[in-house]
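Visitor: I have a structure open and would like to learn how to read it. Please take me through a few features.

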Amino acid sequence: MPIVTLLSDFGLQDGYVACMKGVILGIAPEVDLVDVSHLIAPQDVRSAGFVLFTAYRYFPPGTVHLAVVDPGVGTERKAIAVRTESGFFVGPDNGIFSLVLKNEAGFEARNLENADFQLRPLSSTFHGRDLFAPAAAHIARGASFDLLGPETAPMIAQWSSPVRGKSGIEGEIIHIDRFGNCITNVTLQEIAKVHLASAWRVKAGQGPELPLYDTYSRVQPGNALALAGSSGFVEIAVNRGNAALNLGLRIGTAVYFLLERA
Amino acid sequence: MPIVTLLSDFGLQDGYVACMKGVILGIAPEVDLVDVSHLIAPQDVRSAGFVLFTAYRYFPPGTVHLAVVDPGVGTERKAIAVRTESGFFVGPDNGIFSLVLKNEAGFEARNLENADFQLRPLSSTFHGRDLFAPAAAHIARGASFDLLGPETAPMIAQWSSPVRGKSGIEGEIIHIDRFGNCITNVTLQEIAKVHLASAWRVKAGQGPELPLYDTYSRVQPGNALALAGSSGFVEIAVNRGNAALNLGLRIGTAVYFLLERA
Amino acid sequence: MPIVTLLSDFGLQDGYVACMKGVILGIAPEVDLVDVSHLIAPQDVRSAGFVLFTAYRYFPPGTVHLAVVDPGVGTERKAIAVRTESGFFVGPDNGIFSLVLKNEAGFEARNLENADFQLRPLSSTFHGRDLFAPAAAHIARGASFDLLGPETAPMIAQWSSPVRGKSGIEGEIIHIDRFGNCITNVTLQEIAKVHLASAWRVKAGQGPELPLYDTYSRVQPGNALALAGSSGFVEIAVNRGNAALNLGLRIGTAVYFLLERA
């Protein structure tokens, strides 16, 4: 009984997610469907990639992860499936799997060109239903990975790799969680390679320089700080507050990690 | 392992949906439960009917679709189950299945009067839990359709049939999706019976006359247009914008399809 | 095939809920997962306790109910599992199960101290994933209840018991539903012990005294009243309106039940 997880920006008020589930259950009735999230900010590939990264490691090996945040649908962007030791990843080739693939020991990817694994007619606007859901279902049923299409090299997006410069590291906000915490694309591990955490100051957008602490309680309620979340990525937070609202931060806002002068 | 889908306006912050699922799993432990949506605008039967229509065709034959948007609960409105070649539809007899039934080759309906298929005591306010969920579960388990109650003729709502007049077609908005696109009750097919799509202008509420195009990109970002969505129904949209907000449209707003004078 | 239900304040836009589900399915692949709600107001134990109370009675005996609203995570608060005739309840020992346990004939509770039933490393911030989800999964698989840890007495929270005084009963609002109805911690049953329902006036916060009726339609649209909802608890409502918004009520607002002078 394999698991298929679903991640999208389709929202929960329309029938789009149910269409995908109906298609999957029609092909592979025995699978377990698990929603990761369908409330990704519309077309935000970074946020989708981060949310998938936080969740996929907790699923059993062989799980099929379907991720459809697809601003390029109808254009020339490729549709891919990727196989790793952790499982399968099915979605548009727009960098959505960047954080996952950088975290895996190795991977193999295929272009989803085999029309036998697609609905007919293939719409130009809803590949989640017509192309990605059937591919995920066939993989879950045990279809040979090689049959999906020719080998390909998946896109690893620039936003998944912060830039290291003379004065520090430049990253960006890639996700905002329910509580307004703003997660950056910079891990504590990357920072620690350069210098001890306590030596850094973090500046998000036009905001003030913030300390990098290990727990909320190092600052007074209402005050902002940077800290490493349970995912390992550094986030901008406000103790008992909403950092996104209080500091005016958005997905894509630049975040600078600066070394204090000694 | 039959599938039971669930659609309602109960929202996701309370325990109402879980009550229905508990009841269903108590009667039919082997079913697969799939949510269609529980964020239908409160008491909006039109929107529920449209969302169900977009999703049901993608489920395997025999699927049981439970749809509870029920402003008439506690009144004399009937409770029904309908059987078609696609599956079963269980809910209040208020027109919620209109679009589905107009799309099916035939159907047979029953009044849900058999008390053996209801919880006791039957509340006057929560038939989703006490009446519709048990009926759906018993159908999924294979209960004889004839046992549910006497035959009946389900309501086909007026809003499911736009009015054709001298100067064109008068419809209305029946659903607003996550992106603010406003779906009308008029299909491209109905329009094409009268005249080529390119000959029409579409006027929603007090708004300006809009062109009817086949793709968003025919207008500049920020501009409004009408186009046929993946469901086949014409919708009012704004390229990269939110039509409902920008044009002040709501469910129920009248939409006029006018033939340009030659 | 046991059922595991999930209730939390994690929201639906992040990957937190999916992490818990992945952990559960890794340990107990055969369980049925059912969401109760993940949109509990952040850290509101009262609201979570009420929503669980409304739903759990409709699930089959033996169901495992996982409830993670956990403002005390990382502190000394205990983690518990409780067994009753209705099923199992797993979560923080912060009173979240108060209404359930007051409604059950008896119960037995264990401190979740057995490290064999926890993920390693155990984070200090996400016990839902690392501690509660594995415990729920092991219970669903049939692990011996005694193995979970030593016996304990679960906290029954003060808010679950309104105070009876000379002039009446003092309660508070413990949940606000999708429609803005404000549910109190006072049942119609408790009131009836003192005096007939018709003799009471209800005052929520700084608002006016309201009548206690049996149906919305006893007041004009737009007017407020108190009435007993389907859960048995008295709620403050506005006929066709939103009581929370109209009357400025919040979870925790005091509600006074006053006996009219004869």
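Visitor: Is C:Arg240 buried or exposed, and what makes it count as such?
Guide: Buried means under 20% relative accessible area, exposed over 50%, and partly exposed in between (1.4 Å probe, protein chains only). C:Arg240 has a relative accessible area of 77%, so C:Arg240 is exposed. This is a predicted model: local features need pLDDT of at least 70, side-chain atom pairs count only at pLDDT 80 or more, and totals for chains, interfaces and linings use all residues. Residues are numbered from 1 along each chain as its sequence is written, chains are lettered from A and ligands numbered from 1 in the order in which they are written, and side-chain values use heavy atoms, with hydrogens and water left out.

Visitor: Where in chain C does C:Arg240 lie?
Guide: Helices (H or I, at least four residues) and strands (E, at least two) are DSSP runs, numbered from the N terminus. C:Arg240 lies in the loop between strand 14 (233-238) and helix 6 (243-247) of chain C. Phi of C:Arg240 is near 55°, a positive value in a residue other than glycine.

Visitor: Which peptide bond in chain C is cis?
Guide: The one from C:Arg120 to C:Pro121, with omega near 0°. C:Pro121 is in the loop between strand 6 (108-111) and helix 4 (127-141) of chain C. In chain A, the bond from A:Arg120 to A:Pro121 is also cis.

Visitor: How many residues does each side give to the contact between chain C and chain A?
Guide: Contact means heavy atoms within 4.5 Å. Chain C gives 25 residues and chain A gives 23. Buried area is the accessible area (1.4 Å probe) that two parts lose on being put together, summed over both. Between chain C and chain A this is about 1,800 Å², and carbon and sulfur atoms give 59% of that area. On the side of chain C that touches chain A, the largest share, 8 residues, comes from helix 1 (residues 16-27) of chain C.

Visitor: What rotation superposes chain C on chain A?
Guide: Copies are superposed by least squares on the C-alpha atoms of residues with pLDDT of at least 70 in both. Here a rotation of 120°, with 0.1 Å of shift along its axis, puts chain C on chain A (RMSD 0.1 Å). The two copies are therefore related as by a three-fold rotation axis. In chain C, the C-alpha nearest the axis belongs to C:Asp32, 5.1 Å from it. The copies use different surfaces: 16% of the contact residues of chain C recur in chain A.
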